[in-house]
Amino acid sequence: MVTRILIIEDEKQLARLMELELTHEGYQVAVEYNGVDGLDRLKEEEFQLVLLDIMLPELDGIEVCRRIRRFSEIPIIMVTAKDGISDKVKGLDIGADDYITKPFAIEELLARIRALLRRQQNGYQEDNLLQAGDLTVDTSRYQVKRAGEVIKLTKKEYDLLVYLLKNKGIVLSREEILNEIWGYDYLGETNIVDVYIRYLRSKIDEPFSKKLIQTVRGVGYVLRDDQK
Ligand code: CA
């Protein structure tokens, strides 16, 4: 899988240099020159890591970091020109994972990126976080979020969503869903799956422009995040 890194840095030369070096290392890199655009980009696309400059025009890096943490647990490395301890501490306090001080050797940056990605792969995120576009389910906390907003689901709706997410991109028949969520011995209404899909849609899809749950006529349902 390609690792995508977002650089949020207003110094164009430095941004360009990091982009070249990271691309050379095999990462797929995107660059935004201010915090607002960076946040928008993160909400729209999937990345595995963010390099976030602290001194940014309008919205500074600290505030950008704070806002990212409202909707994402993505690894963040703060990039700071200041050598001030307070900036670093502040960055780590509000959820940044690491920081690097300018000027830095590119090798050091690469080492930090590798370390953080490794930590991420082995740790928390892989096990507990299910994601499709801007929808995340943290199964360790039973927490569902879309575009940063916490969404309350009933137990059955939650189970259904987790099942769809674990089978992202795979069409599931009504029967498969019924057996998985309600069990083989379920004897109630046969349209229960459609009813619960409707409940779920009203909460996680209807308020948002991009729909994740799709009906496959005559078969069942699929959750997809790969179309606009
Ligand atoms: Ca800057």
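**Note on the domains and the calcium site**

1. The centres of domain 1 and domain 2, taken over C-alpha atoms, are separated by 33 Å. The protein is divided into domain 1 (4-123) and domain 2 (129-223), with bounds that come from an automatic or database domain assignment.

2. This is a predicted model, in which local features need pLDDT of at least 70 and side-chain atom pairs count only at pLDDT 80 or more, while totals for chains, interfaces and linings use all residues. Residues are numbered from 1 along each chain as its sequence is written, and side-chain values use heavy atoms, with hydrogens and water left out.

3. Six residues of domain 1 are in contact with eight residues of domain 2 (heavy atoms within 4.5 Å). Between the two domains an area of about 490 Å² is buried, 42% of it given by carbon and sulfur atoms; buried area is the accessible area (1.4 Å probe) that two parts lose on being put together, summed over both.

4. On the side of domain 1 that touches domain 2, helix H3 (residues 61-71) provides the largest share, three residues, helices being DSSP runs (H or I) of at least four residues, numbered from the N terminus.

5. The calcium ion is coordinated by Asp 10 (OD), Asp 53 (OD) and Met 55 (O) at 2.1 to 2.3 Å. Asp 10 lies in the loop between strand E1 (4-8) and helix H1 (12-24), and Asp 53 in strand E3 (residues 49-53), so the pair ties together parts that are 43 residues apart in sequence; strands (E) are DSSP runs of at least two residues. Donors are N, O and S atoms within 2.8 Å of the metal (3.2 Å for Na, K and Ca), and water is not among the atoms, so sites may look incomplete.
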